[in-house]
Amino acid sequence: MKTAIIEAHGGPEKFKIVDLEVGDPGPGEIRIRHKAVGLNFIDCYQRSGLYPMELPHALGMEASGVIEAVGEGVTHLKVGDRAAYAAQPPGAYTAERVMPAAQVCPLPDAISFEEGAAMMLKGLTVQYLFRRTTPIAAGDTVLFHAAAGGVGLIACQWAKSDGIRLIGTAGTDAKCQLALDHGADACINYRDEDWVARVKELTDGKGVDVVMDAVGADTFEGSLDSLRPLGFMISFGNASGPVPPFAVATLGAKGSLKITRPTLFTHIADHETCQQMARDLFEKVEAGDVQIRIDQRFPLEDVAEAHRALEARKTTGSTILTL
């Protein structure tokens, strides 16, 4: 099957399109023929070597399709089922693959394959941010960076549907408007404004209850300064580079703050937990509380160009690879 692989870490030019054989699923595995594949920043981290992996290897952590074969012991899926996943190991940049079944989820008929491919990693990330990381109640205020991206637009809608006030940041006025259109209460253009001062202004000098920050190095200090005393910082990505080492005592000096660095794959490692998180996400989408916006589509052969667009922050909403 046509597959995008890398044989060395580096830039988008490292991608090669090759033909690989697809075998039969073993115990606990399924074979899935993809209909669409999702693109995520973690793919860029793995390609660049920020998250090293054994090479050569196919990339991609998210896709949707139809189950073609089921291995021994798999009971939650059957041949012909529509399915979607965010899962390890990487290997979604392909037309068909064999993979572990535990994190592959039945996809409701009301959700398209393109939506399924665009929503699983991003939507499950939003689910754990709002439901599994720290208690967040209606009326609380969250600061969310990159609010016009794939995760951000889902987060804006999720927060609004739960009665949570979300203040977003984005790099252009157009992106800020997109976040506002999807439910953000306010959005700050960080290129034009002192966003930390603006957050304090929007919260009457108190700061926010929770920061959700996938940008990393560029926003880390400002994110801490945007929190109220005893506030909670969720650092869940490195789009601008990894956060440099810092003194833990800084958290005390800035108001006895709390911080965590979660990953989606810790949250979905347990099969039943993963399936329940997916059902929670699907309910939001089926109810119309969350709509999945797909603003970029690239053929699998153009995966390098897709990575360039994502890393240059030229994308909004979700990006998918078509087959």
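Author: In what follows, Ala, Val, Leu, Ile, Met, Phe, Trp, Tyr, Cys and Pro count as nonpolar, Asp, Glu, Lys and Arg as charged, and the others, Gly among them, as polar. The structure discussed here is a predicted model.

Reader: Which element supplies the largest share of the lining of the second largest pocket?
Author: The largest share of the lining, three residues, comes from strand 7.

Reader: Are Glu-96 and Arg-31 buried or exposed?
Author: A residue counts as buried when its relative accessible area is under 20%. Glu-96 has a relative accessible area of 6%, while the value for Arg-31 is 15%.

Reader: Which helices hold Asp-280 and Arg-131?
Author: Asp-280 and Arg-131 form a salt bridge in which the closest N and O atoms are 2.9 Å apart. The pair ties together parts that are 149 residues apart in sequence, because Asp-280 lies in helix 9 (residues 271-286) and Arg-131 in helix 2 (residues 113-131). Asp-280 is buried at a relative accessible area of 13%, whereas Arg-131, at 38%, counts as partly exposed. The two elements asked for are thus helix 9 and helix 2.

Reader: Is Lys-78 buried or exposed?
Author: Lys-78 forms a salt bridge with Asp-81, with 3.0 Å between the closest N and O atoms. Asp-81 counts as buried at 15% relative accessibility. For Lys-78 the relative accessible area is 54%, and since the cut-off for this class is over 50%, Lys-78 is exposed.

Reader: Which residues lie nearest the centre of the largest pocket?
Author: The largest pocket has a volume of about 980 Å³, and its lining contains 22 nonpolar, 18 polar and six charged residues. Several elements each supply at least two residues of this lining, among them helix 1 (41-48), helix 3 (150-161) and strand 10 (165-170). Of the 46 lining residues, those nearest the centre are Phe-41, Tyr-45, Val-151, Ala-214 and Ala-239.

Reader: How many of the 12 residues of helix 3 are buried?
Author: The end C-alpha atoms of helix 3 are 17 Å apart, which agrees with the 16 Å that its 12 residues should span. Among the buried residues of helix 3 are Val-151, Leu-153, Cys-156 and Trp-158. Helix 3 is largely enclosed by the rest of the structure, because the number of its 12 residues that are buried is 10.

Reader: Which helix gives the most to the lining of the largest cavity?
Author: The search of the whole structure finds one cavity of 30 Å³ or more, and about 40 Å³ of space lies in the largest cavity. Its lining includes Gly-150, Leu-153, Ile-154 and Gln-157, which are buried residues of helix 3. With four residues, the element that gives the most to this lining is helix 3.

Reader: Which are the edge strands of the open sheet of three strands?
Author: The sheet has the order 2-1-4 with antiparallel pairing, and five bridges join strand 1 (residues 2-6) to strand 2. Within that pairing, Lys-2 stands opposite Asp-19 of strand 2. The strands that pair on one side only are the edge strands, strand 2 (15-19) and strand 4 (57-58).

Note on methods. Residues numbered from 1 in each chain as written. Predicted model: local features only at pLDDT ≥ 70, side-chain atom pairs only at ≥ 80, totals over all residues. Heavy atoms only, no water. Buried < 20%, exposed > 50% of the residue type's maximum accessible area, 1.4 Å probe, protein only. Salt bridge = Lys/Arg side-chain N within 4 Å of Asp/Glu carboxyl O. 1 Å grid on protein atoms, 1.4 Å probe; cavity = no way out; pocket = protein on both sides within 12 Å on 5 of 7 lines; lining within 4 Å. Points joined across faces, edges and corners; volume = space filled by probe spheres on them. Pairing = 2+ DSSP bridges. Expected span 1.5 Å × (residues − 1).
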